[in-house]
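This report describes selected features of a single model, to be read alongside the sequence and coordinates displayed below.

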Amino acid sequence: MPSCVNCNRKLLWIEVFKQTMLVKRDPLRCPNCKQQLFFTAKSKKKLFLVTAIVPILFVILTSFQIPTTISVITLIVYALLVVLAVPFLVEVTNKEEALFWMLMAIKNCSVWQLSVCINYCISSALHGVAG
């Protein structure tokens, strides 16, 4: 779990979870010293990769013609594991760092909004190729 860069207070799982999963959110602040905290670029990359695995996993499961029930169960289990693990992947800093230049424009998006966007782009591409 991340700690405040100012006072070293360890943030709670629920505090980090709310910041990563909720759509409309206030900035992450240390409850102890009220310092505004930002995710590091490294953390943003980890979160991006973890959510990008969902559509890749979907493509792999469907390309190997895995039965639908097994595919759905696999995706649900992965999603639950991501939800539980994401707060442990986060590191914080007192300055905002850009992941990529483009992501600064969408910095208010949650992890799940990015995941939905990625899923939409991949499924659109696959449907465009498939006809």
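Gln65 is located in the loop between α2 and α3. The model is a predicted one, and in it Gln65 adopts a positive phi of about 50° despite not being a glycine. Its relative accessibility is 69%, so Gln65 counts as exposed.

Asn8 belongs to the segment before α1. With a relative accessible area of 61%, Asn8 is exposed. As background, most residues other than glycine have a negative phi.

## Packing of α1 against α3

Helix α1 comprises residues 13-21, and its axis comes within 9 Å of that of α3, the two crossing at roughly 105°. This angle falls between 65 and 115 degrees, and α1 is therefore roughly perpendicular to α3. On the α1 side, the contact is made by Trp13, Val16, Phe17, Thr20 and Met21. Val83, Leu84, Val86, Pro87 and Phe88 make it on the α3 side. By residue class, this contact of α1 with α3 contains 9 nonpolar residues, 1 polar residue and no charged ones.

Met21 may be considered individually. This residue is part of helix α1 and has a relative accessible area of 9%, so Met21 is buried. Met21 and Val86 are separated by 65 residues in sequence, while their C-alpha atoms are 9.1 Å apart in space.

Helix α3 spans residues 68-89 and includes Ser71. Is Ser71 buried or exposed? Its relative accessibility is 8%, which is under the 20% limit, and Ser71 therefore counts as buried. When residues up to four places away in sequence are set aside, Ser71 touches Leu61 and Ile66.

## The largest nonpolar core

The largest nonpolar core consists of 19 residues. Those with the most contacts inside this core are Leu11, Leu28, Leu37, Phe39, Tyr78, Val90 and Val92. At least two core residues are supplied by each of α1, β2 (36-39), α2 (41-63) and α3. The largest share is that of α2, which provides 5 residues.

Apart from its neighbours within four places in sequence, Val92 is in contact with Pro2, Ser3, Val5, Leu11, Leu28, Leu37, Phe38, Phe39 and Thr40.

How many disulfides does the structure hold? The number is 0. Cys30 is accordingly in no disulfide, and the nearest cysteine sulfur, belonging to Cys7, is 3.5 Å away. Cys30 has a relative accessible area of 1% and is therefore buried.

For Cys33, the closest cysteine sulfur is that of Cys4, at 3.6 Å. A disulfide requires sulfur atoms within 2.5 Å, so the separation between Cys33 and Cys4 is too far for a bond. Cys33 is partly exposed, with a relative accessible area of 28%, whereas Cys30 is buried.

Notes:
Residues are numbered from 1 along each chain as its sequence is written. This is a predicted model: local features need pLDDT of at least 70, side-chain atom pairs count only at pLDDT 80 or more; totals for chains, interfaces and linings use all residues. Side-chain values use heavy atoms; hydrogens and water are left out. Helices (H or I, at least four residues) and strands (E, at least two) are DSSP runs, numbered from the N terminus. Buried means under 20% relative accessible area, exposed over 50%, partly exposed in between (1.4 Å probe, protein chains only). Contact means heavy atoms within 4.5 Å. Axes are lines fitted to C-alpha atoms, for helices over the stretch in contact, and angles run from 0 to 180 degrees between N-to-C directions. Angles under 35 degrees count as roughly parallel, over 145 as roughly antiparallel, 65 to 115 as roughly perpendicular and the rest as oblique. Ala, Val, Leu, Ile, Met, Phe, Trp, Tyr, Cys and Pro count as nonpolar, Asp, Glu, Lys and Arg as charged, and the others, Gly among them, as polar. A nonpolar core is a set of buried Ala, Val, Leu, Ile, Met, Phe, Trp, Tyr and Cys residues joined through side-chain atoms within 4.5 Å.
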